[in-house]
Amino acid sequence: MSNPLSPLAMLATSMQAQPGVYALLLGSGVSTGASVPTGWGVVTELVRRIAAVEDPESIEDAAGDPEKWWHEHHGEPLGYSSLLESLAPTPAARQGLLADFFEPSDEERERGIKTPSKGHLAIAELVKRGTVKVIITTNFDRLMEQALDAVGIAPQVIARPEAVNGMKPLVHAPATVIKVHGDYLDLGSRNTPSELDLYPDEWLTLLARVLDEYGLIVSGWSAEWDTALVRLIESAPNRRYPMYWDARSGKSLNAQKLIAARSGQTVPATGADEMFSELFSALEALDRLAEPPLTTAMAVARLKRYLPDPVRRIDLHDLVMEAANKVVEGVRHQPLSIDRLDGAGLQGVLTANREMSRQLCALLVTGVWHDLDGDHDRLWMDVLEHLIAAGTTARMGIPVQQPLQQARLYPALLVQTAVGVVATRRGRDALLIKLATEVMGSVDGGVKIRLPACQVVHPYRVLDKDWVNALPRWNGGTWTYPLSHLLKADAHTILADLIPEDTDYVDNFHGYEYRMSLLHEATNATYSEGYRAMPGEYVGERAWSWDNRNQPLAEVDFRDSGARATDWPWVRLLGGVDAFDQALIEHRSVLENFKYHNIR
């Protein structure tokens, strides 16, 4: 026998397919979680305070049965409006009296008391996305309005029956909040059993229309006291959409009768916070399934909108990490063994890695290009760390060919290279250093030793120069520095829009390579001999100065960049002003030895 669908899945699917057809009915349970009292709670507390002054010995009687105490001491029915009018006859006096119940102090606001709850905020997001347009509430407070305002929605609020005739049609308003018991500052508020047993005609007409034309999602309302609203729901002819009720407030006998009468469903949830948060998450998941694949151009355009907006930081994170996760998934399914592996087979793997990384690289280089203040550096670092972890995680129990095992890190190397070239071009040297030295990863299956990224994705850990020279893309030719040539060619396809001039790109690529060689040498001394990487092939065939054959041309440009910068991070990294020049001179011998090592 198959398991039935969960009510939450049924509701989310229906709301995603038909935005706006469900209205919400919110009771006091939605606000009590924010420590806001119900209207009756306010009445009880005010009567208790009056008893403390007029008849201190009867405080317990007043708290236990405020209606009886009030009738015995004042000889009239107890009501929210009559009580407030007696205690505070002017609007200013009422506001001062009620502020303690409904408005948070500074301390309470810091603790999240009397402020919109998770449920309120999730509902506001449902309204913002157009899934909900009508909210009926029995609450006096203004938490729902505050939550809507926080997401940029200005609802029409109907808190008095006479306001119904002048309201916008429900379908034309961005959102409508119908406060059937009124607002806490309004003397027309309804609270006592007699007030809740009979609604004015305007309320009856409006609510009957909503109940007939919309499905209903109920939360925080027990149906125990509001007899007029119960009768309206019972008499509503609409059976087009089922009713959904959160399990916590739907336990009462009246609630169960209404659920049965309208073929409703009980949503397993501990309250409004859980139900509406899970509903919003479910709708977002359905949206992602319904969206067509995001093209690179669309993704980059979206990133440009998110990047300068502090409110969209989470959206930016999700956009970039979703692209990173797709690459990680591809790395995890990459073959580790190919029958009769040759240069053509390796080229196919490297090309696949480059293409599946293209959208992610486009997002990262665009982000780094425009994020000159470094507000999002941690995000770019997290992406590189994510890719390194995927490329170094061991896959046990299957045959492994070393070139394919190493190639799992090619997306990380390509990201580091493309972002590094952009960082060089935009003077973001501090970011380049952080990416190379603060992002950490493991080698040898991810279990033995932690190294900085510049060592983990050093080209010699990812690629073998003989294998790279054997790639068919070179048409039988070979390169003195094949790894440099491969990275320069692949990164160029990613950066062509940002750095369109070939000479500009090549100069900045070699500038990036020179910087990485400095970082390799600086980090080598930190780790044991067995795990040291070689300094790296970061000088191309034409990259030595004609004026001084012992000085890399990239060093000349590097010094020029330092002369133009203030508080240059490389000076600090290399030991300060006095040690900086000597460090560069000593580094020449490292590169010179490496140059001749490759030529032989």
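## Charged pairs, step by step

R378 has a relative accessibility of 44% and therefore counts as partly exposed; here buried means under 20% relative accessible area, exposed over 50%, and partly exposed in between (1.4 Å probe, protein chains only). The model is predicted, with local features needing pLDDT of at least 70 and side-chain atom pairs pLDDT 80 or more, while totals for chains, interfaces and linings use all residues. Residues are numbered from 1 along each chain as its sequence is written, and side-chain values use heavy atoms, without hydrogens and water.

**Exercise 1.** Find the salt-bridge partner of R378, and say where the two residues lie.

*Solution.* Start with the general idea: side chains of opposite charge can pair when their charged atoms come close. A salt bridge is a side-chain nitrogen of Lys or Arg within 4 Å of a carboxyl oxygen of Asp or Glu. By this rule the model has 26 salt bridges. Next, look at D382: its side chain meets that of R378 at 3.0 Å, N to O. Both sit in helix α20 (residues 377-392), 4 residues apart, which means about one helical turn separates them. Helices are DSSP runs of H or I with at least four residues, strands are E runs of at least two, and both are numbered from the N terminus. Finally, D382 is partly exposed at 28%.

**Exercise 2.** Work out which helices D490 and R354 belong to, and whether each residue is buried or exposed.

*Solution.* First, the contact: D490 and R354 form a salt bridge at 3.1 Å, N to O. D490 is in helix α27 (residues 482-495) and R354 in helix α18 (residues 343-356), so the pair ties together parts 136 residues apart in sequence. Last, widen the view: a network of salt bridges links R354, E355, R358, R473 and D490.

**Exercise 3.** Locate the patch of negative charge on the surface, and name the elements that give two or more residues to it.

*Solution.* Begin with the members: E60, D61, D65, E67 and E72. Such a patch takes residues with over 30% relative accessible area and no salt bridge, joining like charges within 9 Å and nonpolar side chains (Val, Leu, Ile, Met, Phe, Trp, Tyr) within 5 Å. Then the elements: α4 (59-64) and α5 (66-74) each give two or more residues. As a check, pick D61, which is found in helix α4; its relative accessible area is 54%, so D61 is exposed.

Definitions and conventions
Accessible areas come from the Shrake-Rupley method with a 1.4 Å probe; for residues, only the protein chains shown count as cover. Lys and Arg count as positive and Asp and Glu as negative; His and the chain ends are not counted. The place of a charge is taken as NZ of Lys, CZ of Arg, CG of Asp or CD of Glu.
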